[in-house]
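Here is a short briefing to read alongside the sequence and the 3D view. Please keep both open as you go through the points.

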Amino acid sequence: MRWTARDLRSLGIGLAYLAPSLVLFAAFVFIPLAETINLSLFNTRATGAITTFAGLDHYLELLTSPAFRTGLLATAIFAIYTVPIGIALGLVLAVLLNQRLRAINVFRTMMSSTIAISAAVGALIWLLLFNPSLGLLNYLLSRVGVHGPEWLIQPTTAIIAVSITTIWLTLGTNIIVLLSGLQGVPEEIYEAARLDGARGLRMFTRITVPMVSPSLFFLFVVDTVAVLQAFTQIHVMTRGGPVDATRVLVYSIYQDAFQNFQFGFASAQAVILLLLVMGLTLIQFRFVERRVHYQ
Amino acid sequence: MRRLATLALAFTMAAAACGGTTPSGSTTPTGGAPADMSALAPAKDVAPAATLTWWHAMSGVNGDALNKIVAGFNSSQTKIKVEAVFQGTYDDLLAKLNTAIASNAAPALVQVYDIGQRYMYDSGQVVPMQAFIDRDKFNTSDFEPAVINYYKYQDKLQSMPFNASAPILYYNKDAFKEVGLDPAKPPVTFTEIADAAKKLTKKDASGATVRFGFGPSIYGWLFEQLMATSGALYADNGNGRDNRATKVVYNSAAGKAILDWWKAGVDGGYFYNPGIDNDGAANAFNAQKTAMYIESIARLRGHITTIAGKFELGAGLYPRPDSKPATGGNIIGGASLYIMKSRPPAEQQAAWEFVKYAMTPAVQAQWQSDTGYYPIVKAAYDQGPSKDWATKYPQFLTAITEIRDSPQNRTTNGAVLGVMPQARQRTQKMIESVLLGQATTQAALDAAVEDMNTQIDKYNKANP
């Protein structure tokens with residue numbers, strides 16, 4: 001095919017229209033990304049200045065490092081604990097909030113209010129709640145005769161505590177997205193189903209869930225990506241401990257880059273995280289999206 | 001020429017022999033007077049810049065006190081205006097400084113914590129404080145020796161100590177009286193603390209513990225201090241002071257004794273484990289969930305305010321092994337001020353003017369009474385605010401007594417490592433794994449040491 005003057009002109013116009021976003025993407029995504037990949041192939045001084053070429057050394061070290069494997073495992077556990085429960089809980093609450101009741105907006109605002117709370121503040125609140133000796137949570141448990149665990153001190157409960165906090169933090173967004181999905185379901189479909197004798201749980205699993213499946217899928221993808229990048233609550237509550245139980249990939253990148261000043265090694269982890277997120281998202285689109293019902 | 005070489009060799013060997021003999025060797029090499037560093041400072045006649053930015057990490061009460069010093073300096077003269085910028089925690093500040101250095105945006109004066117020392121030195125971005133001291137023949141003879149020794153590397157002061165602390169034992173005198181312990185005699189050795197903690201531990205009818213005897217948080221600094229009071233080195237090459245450290249060596253008998261003691265206490269149910277949460281440990285003590293704990297003197301003022309007379313607060317010496325090794329003592333903590341090389345000479349000059357002001361006895365005395373950090377300059381104790389302070393809160397003198405009673409040697413000078421922040425995290429993980437029963441004390445120590453040695457190796461290679 002030969003380029004005519006018209007083709008070139010339209011390409012020029014197209015690029016001109018795209019220019020603002022291309023410039024922004026280049027400045028904030030592509031250039032830093034290229035820089036990260038580049039940095040992952042080098043050793044650096046503590047100040048970040050590049051010293052010697054490392055080739056794939058950092059990657060090889062990661063693949064053989066037990067600490068990195070524990071980190072991946074922690075990340076996976078964290079995602080499994082938070083994403084499904086967060087979405088399920090969001091759906092239940094959204095259905096409850098999708099009623100025509102007097103003052104329902106008050107409840108909607110209340111239930112989705114965590115969207116307005118910063119992760120740092122939320123994590124601090126939960127840090128206090130989880131305190132084994134002074135926290136409200138174990139006090140309430142003790143009132144019903146349960147001896148509460150030392151939440152942030154035992155590895156198994158620490159990851160649960162951080163997950164609970166994360167679910168709570170994302171709940172607001174989940175409710176809003178699902179509520180808007182629910183409100184987009186035409187009333188006629190429910191009416192038709194009712195005429196066919198569908199009730200309660202059957203109505204929920206056969207009508208509601210498929211009809212909001214685009215929203216559910218959207219949240220599944222977005223929440224997974226968000227959870228893989230979760231940092232604040234871990235920084236505030238556990239700093240990756242105890243014994244690395246909550247040292248997810250992002251936290252280990254942070255520690256290696258900004259506390260240990262090993263920028264090359266941290267960059268290599270960042271590249272792996274990027275590949276991981278991309279891979280997961282692809283898998284989600286490939287396999288899960290098939291079950292999504294678009295109207 | 002050959003004679004000169006022989007002489008130099010002999011000199012080097014003598015210096016090495018003096019520096020590396022015993023952990024109790026003096027910090028001052030006896031190999032002759034140190035070379036003058038004046039040349040590294042701007043010339044004396046460079047006029048100071050009109051404005052100066054100072055990054056610091058002091059928040060809350062201590063931040064207010066710091067701003068008071070800045071305001072005092074700004075109104076004491078008309079030539080220089082200091083602008084203090086709070087940059088978050090010590091860790092945050094160092095991370096930001098690192099970024100700023102890369103983009104050439106570092107301020108002229110920065111406050112960096114104790115363990116950032118080697119990193120600052122290796123960055124090559126600092127004008128050694130010694131350069132200004134030598135140039136102006138600034139007199140440091142009245143400075144607290146332990147503090148000044150901590151910030152010296154090979155007998156050169158890299159930075160000016162600013163806020164100096166030490167860890168102490170906090171204890172609840174009322175609880176002591178309640179169980180028949182003498183509130184005037186806090187326990188000092190590991191066994192004394194364990195015995196007192198057993199007595200102080202109280203259970204309710206259901207068997208749940210309502211008060212633990214002792215509740216230290218899992219804080220790497222506390223372990224470093226326990227190594228020092230044990231008279232044991234943390235790192236090789238004289239704690240990284242005779243030469244750059246190549247290994248950490250805390251997997252010694254001293255390290256094992258510390259962890260065994262700690263583990264026995266937690267397993268026995270008379271030590272409380274608040275995890276890595278230092279605030280949590282302090283809160284548990286305030287709420288009388290624990291009767292004793294160890295932390296920096298810098299928390300004392302906060303405790304006095306929070307406890308507000310609900311119980312009588314005692315301050316005792318930091319724990320040490322039963323043998324009370326004579327070579328053991330406490331390391332100073334806190335932070336110091338660095339003048340950055342990348343700024344123009346005029347700004348460095350202005351920074352030096354401010355540093356000198358901050359070191360005057362009157363400012364030091366005020367700083368002490370506002371924060372609890374003890375003065376760097378001994379003459380400060382003769383000043384009004386310091387005297388009033390000592391009368392009102394005698395507990396504050398615990399830290400300085402402790403530091404003055406510590407022999408000055410490589411152990412008590414403290415470890416200097418480029419990877420010190422990371423080493424601290426690693427010891428915390430090590431203590432966690434022991435307390436949680438995931439590893440025996442010796443295995444945990446060895447694993448931590450092995451990990452850190454790999455990191456030190458990496459660091460030393462990357463920062464030649």
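Helices (H or I, at least four residues) and strands (E, at least two) are DSSP runs, numbered from the N terminus. Just after α8(A), Gly197(A) has a positive phi of about 95°. This is a predicted model, where local features need pLDDT of at least 70 and side-chain atom pairs count only at pLDDT 80 or more, while totals for chains, interfaces and linings use all residues. Residues are numbered from 1 along each chain as its sequence is written, and chains are lettered from A and ligands numbered from 1 in the order in which they are written.

- A residue is buried if 20 or more other C-beta atoms lie within 10 Å of its own, exposed if 12 or fewer, and partly exposed in between, with C-beta atoms placed from the backbone.
- Ala103(A) is not a glycine, yet its phi is positive, at about 60°.
- You will find Ala103(A) in the loop between α3 (66-97) and α4 (104-111) of chain A, and Ala103(A) counts as exposed because it has 7 C-beta neighbours inside 10 Å.
- Lys324(B) is not a glycine either, and has a positive phi of about 40°.
- Lys324(B) sits in the loop between β12 (313-316) and β13 (333-340) of chain B, and with 12 other C-beta atoms within 10 Å it is exposed.

**The largest nonpolar core**

- A nonpolar core is a set of buried Ala, Val, Leu, Ile, Met, Phe, Trp, Tyr and Cys residues joined through C-beta atoms within 7 Å.
- The largest one has 194 residues, and Leu52(B), Ile339(B) and Phe354(B) touch the most other members.
- Helix α7 of chain A (residues 155-183) gives the most to this core, with 11 residues.
- Two residues are in contact if their C-beta atoms, placed from the backbone, lie within 7 Å.
- Leaving aside neighbours within four places in sequence, Phe354(B) is in contact with Leu52(B), Phe73(B), Ile80(B), Val82(B) and Leu109(B).

**Helix pairs**

- Axes are lines fitted to C-alpha atoms, for helices over the stretch in contact, and angles run from 0 to 180 degrees between N-to-C directions.
- Angles under 35 degrees count as roughly parallel, over 145 as roughly antiparallel, 65 to 115 as roughly perpendicular and the rest as oblique.
- A crossing is left-handed if the near helix is turned anticlockwise from the far one by less than a right angle, and right-handed if clockwise.
- For residue classes, Ala, Val, Leu, Ile, Met, Phe, Trp, Tyr, Cys and Pro count as nonpolar, Asp, Glu, Lys and Arg as charged, and the others, Gly among them, as polar.
- In chain A, the axes of helix α1 (residues 5-39) and helix α13 (residues 263-288) come within 7 Å and cross at roughly 120°, so α1(A) and α13(A) are oblique to each other.
- The crossing of α1(A) and α13(A) is left-handed; Thr36(A), Ile37(A) and Leu39(A) of α1(A) meet Phe263(A), Gly264(A), Ser267(A), Ala270(A) and Val271(A) of α13(A).
- That contact of α1(A) with α13(A) has 5 nonpolar, 3 polar and no charged residues.
- α3(A) and α7(A) pack at an angle of about 40° with their axes 7 Å apart, which makes α3(A) oblique to α7(A).
- The crossing of α3(A) and α7(A) is right-handed, and the residues of their contact divide into 20 nonpolar, 7 polar and no charged.

**Where the chains meet**

- 23 residues of chain A are in contact with 29 residues of chain B.
- On the side of chain A that touches chain B, β1 (42-44) and α12 (249-259) are the elements that give two or more residues.
- The residues on that side of chain A divide into 9 nonpolar, 11 polar and 3 charged.

**A buried glutamine**

- Gln130(B) belongs to helix α5 of chain B, residues 129-136, and is buried, with 25 other C-beta atoms within 10 Å.
- The C-alpha atoms of Gln130(B) and Gln158(B) are separated by 6.3 Å, and these residues are 28 residues apart along the chain.
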